[in-house]
Amino acid sequence: MSNAKHLATVMVEAFIDAVNRGVDLVPVVADSTSTAKIAPFIKAFPDRLINVGIAEQTLVGTAAGLAIGGKVAVTCNAAPFLISRANEQVKVDVCYNNTNVKLFGLNAGASYGPLASTHHSIDDIAAMRGFGNIEIYAPSCPVECRQIIDYALAHVGPVYIRLDGKDLPQLHDESYQFRPGQIDVLREGKEVALVAMGSTVHEVVHAAEQLQEQGISAGVIAIPSIRPCDTQRLQELLNHYSAVITVEEHNVNGGVGSLVAEVLAEGGCGIPLLRLGIPDGQYAIAGDRASTRAHHGIDAASVVKNAVRMCAGA
């Protein structure tokens, strides 16, 4: 499907619609109005946005205070700064105290490209999975993103939503219905399962198409709901394959690769697994998206190469 859209734009549209239907929503930014693409919200509701300046710890603390006061507080800033600079506030003010804050990690993964490791967020899912009491989502397309956000704004409790920093095409039509814990089967297969979250779902979709041309039947499984996650359903799906490859613009530790490894190990599944992502102990390179993904083996071409090798038993 086409109709590509930036997920931050989807986020802002969801905020505007929420306020219009009576949700007492207050966005908090850290001098990140441009990153959040939130100008339309400011125009519609100029008195609702709070800008704390470049002070991410204050950002999260302020959001927690607003939530305690009865507001639906949403933070909108770059994922690397939200997760790294405000780590303790996220842990204590939001998660431990169960405040009704929705944390949006914008431009996640290596979206910032040439700005390099200071601006890359390749450990955010790992960090958030280490915290208790927070739901974690990573949408892969605009339709899915909108439904996750609508759910999060209605849900009472902490939520982290990882958003990519590029326009993404649709993977679902309007009949799609998201639910927490959901596992999405985008393509049925028989030989190798390609599992991904967020924007790399598009890479595995393209890889599966190319593998079909080579006579290899690849299934595509997307995991938009990291916590909660229907791990029983995931295990049942993976049991039908002879090999599994996970793909993520995140460190191989703590993200979707780790989640799948845990499911396979705890289920006693003797299925070969290859985790593709930013390698253990490394940072993502500084470069545009295409070269970064090719370098780290998380583009469609690399997925195809590894799937062919695994299916051949090499």
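Author: Contact means heavy atoms within 4.5 Å. Among contacts in the protein chain between residues at least 6 apart in sequence, 78% join residues at least 24 apart.

This is a predicted model, in which local features need pLDDT of at least 70, side-chain atom pairs count only at pLDDT 80 or more, and totals for chains, interfaces and linings use all residues. Residues are numbered from 1 along each chain as its sequence is written, and side-chain values use heavy atoms, with hydrogens and water left out.

The protein chain holds 12 helices and 14 strands. Helices (H or I, at least four residues) and strands (E, at least two) are DSSP runs, numbered from the N terminus. The radius of gyration of the chain is 19 Å, close to the 20 Å that the globule rule gives for 314 residues, so the chain is as compact as a globular protein of that length. That radius is taken over C-alpha atoms, and the rule is 2.2 Å times the number of residues to the power 0.38. The C-alpha trace spans about 60 × 35 × 35 Å along its principal axes.

Of the 314 residues, 57% are buried, meaning under 20% relative accessible area (1.4 Å probe, protein chains only).

Now the helix. α10 covers residues 256-266. Its buried residues are Val256, Gly257, Ser258, Leu259, Val260, Val263 and Leu264. What covers them? The cover includes the helices α6 (124-129) and α9 (231-238). Strands β10 (192-196), β12 (225-227), β13 (243-251) and β14 (273-278) are also included. After α10 comes glycine 268, with a positive phi near 65°.

Notes: Buried < 20%, exposed > 50% of the residue type's maximum accessible area, 1.4 Å probe, protein only.
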